[in-house]
Amino acid sequence: MGQKLLQYIEDYCKSIECHRIMLLSNSTRQRAHHFFEREGYSGSVSKGFKKYL
């Protein structure tokens, strides 16, 4: 199901001429990270930061 959803999102983004998709995931969600990497996403390209007030 996850692969189909991700493919739908990628197809939609291509149809509106997007050039990049960025995903956010909690740093502890290792299974999700492996899934995204298998689907061609790289977790080493950028780094996100948050500050809770």
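Which residues of helix α2 (residues 30–38) are buried? They are Ala32, His33 and Phe35. The model is predicted: local features need pLDDT of at least 70, side-chain atom pairs count only at pLDDT 80 or more, and totals for chains, interfaces and linings use all residues. Residues are numbered from 1 along each chain as its sequence is written, and side-chain values use heavy atoms, with hydrogens and water left out.

**Helix α2**

- Helices are DSSP runs of H or I with at least four residues, strands are runs of E with at least two, and both are numbered from the N terminus.
- Buried means under 20% relative accessible area, exposed means over 50%, and partly exposed lies in between (1.4 Å probe, protein chains only).
- Down the axis of α2, the buried residues fall within an arc of 160°, so they line one face of the helix. The arc is taken from the directions that run from the helix axis to the C-beta atoms.
- An α-helix has 3.6 residues a turn, so residues three or four places apart point the same way.
- Arg31 and Arg38 are exposed on the other side of α2.
- The buried residues of α2 pack against α1 (2–15). Contact here means heavy atoms within 4.5 Å.
- Ala32 belongs to α2 and is buried at a relative accessible area of 12%.

**Aromatic residues**

- Rings of Phe, Tyr and Trp (its six-membered ring) pair if their centres lie within 6.5 Å; planes under 30 degrees apart are stacked, over 60 edge-to-face, and the rest tilted.
- The count by this rule is two aromatic pairs.
- Phe36 and Tyr41 form an edge-to-face pair, 6.5 Å centre to centre, with 65° between the planes.
- One aromatic cluster holds Phe35, Phe36 and Tyr41.
- Phe36 sits in helix α2. Leaving aside residues up to four places away in sequence, Phe36 touches Leu23, Ser25 and Tyr41.
- Tyr41 is buried, with a relative accessible area of 17%.
- Tyr8, in helix α1, is exposed at a relative accessible area of 58%. Its C-alpha atom is separated by 36 Å from that of Leu53, 45 residues apart along the chain.

**Backbone with positive phi**

- Most residues other than glycine have a negative phi, and most peptide bonds are trans.
- Glu17 has a positive phi of about 65° although it is not a glycine.
- Glu17 lies in the loop between α1 and α2 and counts as exposed, at 64% relative accessibility.
- The C-alpha atoms of Glu17 and Phe36 are separated by 21 Å, and the two residues are 19 residues apart along the chain.

**Largest pocket**

- On a 1 Å grid over the protein atoms alone, a cavity is a set of points where a 1.4 Å probe fits but cannot get out; a pocket is an open set with protein on both sides within 12 Å along at least five of seven lines. Lining residues have an atom within 4 Å of a point.
- The largest pocket holds about 880 Å³ of space. Grid points are joined across faces, edges and corners, and a volume is the space filled by probe spheres set on the points.
- Its lining has 20 residues, and Leu23, Leu24, Ser25, Gly43 and Ser46 lie nearest the centre.
- The lining divides into eight nonpolar, eight polar and four charged residues. Ala, Val, Leu, Ile, Met, Phe, Trp, Tyr, Cys and Pro count as nonpolar, Asp, Glu, Lys and Arg as charged, and the others, Gly among them, as polar.
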